[in-house]
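Good morning, and thank you for joining this group meeting. Please take a moment to look at the sequence and the structure on the screen.

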Amino acid sequence: QTRLRGEMRTTAILSATTAHVTHVCNTRDPTGNPRRAPASLRRARVGAPRIARLGARIVRGAMVDDDPPELPDYDVVTLGPLEVSAIALSARDWKGGSDDANCYVAAVDRGYLLIAAHEPSELKLMKEYQGYWAMSEAATLPGVRAPVVYSIVNVDAAGGSVKDAARALVAEAGGVEPDVLCVKSETADIEALANSVKVAWELGACPGMVAVDDFDAARLEKFVGALSDTPGVHVAFNRVVYSLADQTAEKNGVLAACKRLGVGVVAASPLGEGSRVTNTTHGKCDQALVRLLAFLGAMVGGGVQQSPLQVALNYVMSKGAVPEVETRLGTVAWECGGSMLWRLDENAVGILDERCEAVEKGETGDGGGPALA
C-alpha cells in the first residue's frame, strides 16, 4: 500500500560492485521540488500540536501560527492487520523535555504513525502527547491518521503471566494503556504464553492487538498457531534486529516466516549497533558501503541527494520491514522520515546485498572495518 508520487527514474552502472542499477525510483512533489521542511523546525506549525516543556512535563496542546495545519504525506504499510507508517519512532530514554516534544512534533508532522515505548514512563509520556494531538486542529483534518503506541513488556519478569505484566505496565504508566502490547519472553513455553495472552485479553488486561519481540521462526509459527482459535487477538508484528549491518533475521528465515504467517516485521537497530552503517566514526563502519549508499542516494534523488541514512533505512523498508528509529532530535526524525514514500528497486537492493556478501567474505573496503557482525 505504498503511495508513490512524482516518480523519477534513472540509469547507471556501478562497476565497483559488478552490479547494474537499471533504475531507482524517487518521490518528489509533482513539480520536482523537495518536500516542505518540518513544521517543528520552521515555526512548529500544526501537523501535530507543538509541544513545549512547561514545568517538569506539561504538554501544551495549542500553538499560535499563521499557517493552517497540513495533512502529512503518509506512507502506509500493513503489519498483520495493523495499518501504520513505513517507519517507527522509538521514545527510548525520553523524559518529556523540549527536545523530546519537538521530536514528537517533527515525527508526526512527517507522517510517522508508529511509536515505541520501552518503559512505563515512556508509555505515559507518549499517551500524553497523543492525547494533546487528538485535541488539536490537525486531528480533525479529513484523512488524518492517529499515532499508534506500542509497549514492550518482559513477561519473564512477571513469572510468565501476560496479565500480570500488562497490569504492572499500566499501573506504572499512571493508568494509560498501549495500543499494541509487544510481548518479550526468552524462557516461557510458547503454548503457555499464547494461553496467557488469551486470558489477559479476556480479562481486559491486554489489547486485542499484540506483537512479539525477537521470536525465531519456529516460536513465531507456534505462537500464531496457538492464537488462531481466538479471533479477537491479532499478532501485528515480530520485532527483530535487522539492518545492512546485521542480516541474521533474513538468513535464519525469520523474515520469510513472518511473510508466510501474515505477521509484520519491525526492525530494531535498523542502522546497526552504534549506527555503524552510516556513522563513519564508528570503528566497524564499512566506509565503502557508505560511499555506495551516497551514490544510490544521488540516483534516487533525481539530482537532489538522498542521504546515506535515508537510503540505508529505505533498504530495510524494501525488505518488507518497518525500521524503528531511535532519536530525541527533531532534525534526525525528519531526515529519517525522508526514507518514506519511495522504495529502492530490486536492482539497487541487489547491489547492497552484494556489498554485504562481499564483506562477509572478508572484504572491508578502504578506510573502514567490516559492516557485518
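I shall speak about the barrel, then a hairpin, and then a pocket and a cavity.

Please note that this is a predicted model, in which local features need pLDDT of at least 70 and side-chain atom pairs count only at pLDDT 80 or more, while totals for chains, interfaces and linings use all residues. Residues are numbered from 1 along each chain as its sequence is written, and side-chain values use heavy atoms, with hydrogens and water left out.

Let us begin with the barrel. Eight strands form a closed barrel in the order β7-β8-β9-β10-β11-β12-β13-β14, and their pairing is parallel. From one strand to the next, the twist averages 30°; axes here are lines fitted to C-alpha atoms, and angles run from 0 to 180 degrees between N-to-C directions. Strands are DSSP runs of E with at least two residues, helices are runs of H or I with at least four, and both are numbered from the N terminus. Two strands count as paired if DSSP finds at least two bridges between them.

Arg-239 has Val-266 in β13 as its bridge partner.

An antiparallel pair is found elsewhere: four bridges join strand β5 (residues 76-79) to strand β6 (residues 82-85). Here Val-76 is bridged to Ser-85 in β6. The hairpin of these strands has two residues between them, and Gly-80 takes a positive phi near 60°.

On a 1 Å grid over the protein atoms alone, a pocket is an open set of points with protein on both sides within 12 Å along at least five of seven lines, a cavity is a set where a 1.4 Å probe fits but cannot get out, and lining residues have an atom within 4 Å of a point. A volume is the space filled by probe spheres set on the points, which are joined across faces, edges and corners.

The second largest pocket holds about 320 Å³ of space. Of its 17 lining residues, Ser-269, Pro-270, Ser-275, Glu-324 and Glu-326 lie nearest the centre. Strand β14 gives the largest share of this lining, three residues.

How many cavities of 30 Å³ or more does a search of the whole structure find? The search finds one. The largest cavity has about 40 Å³ of space, and helix α4 (residues 162-172) supplies the largest share of its lining, three residues.
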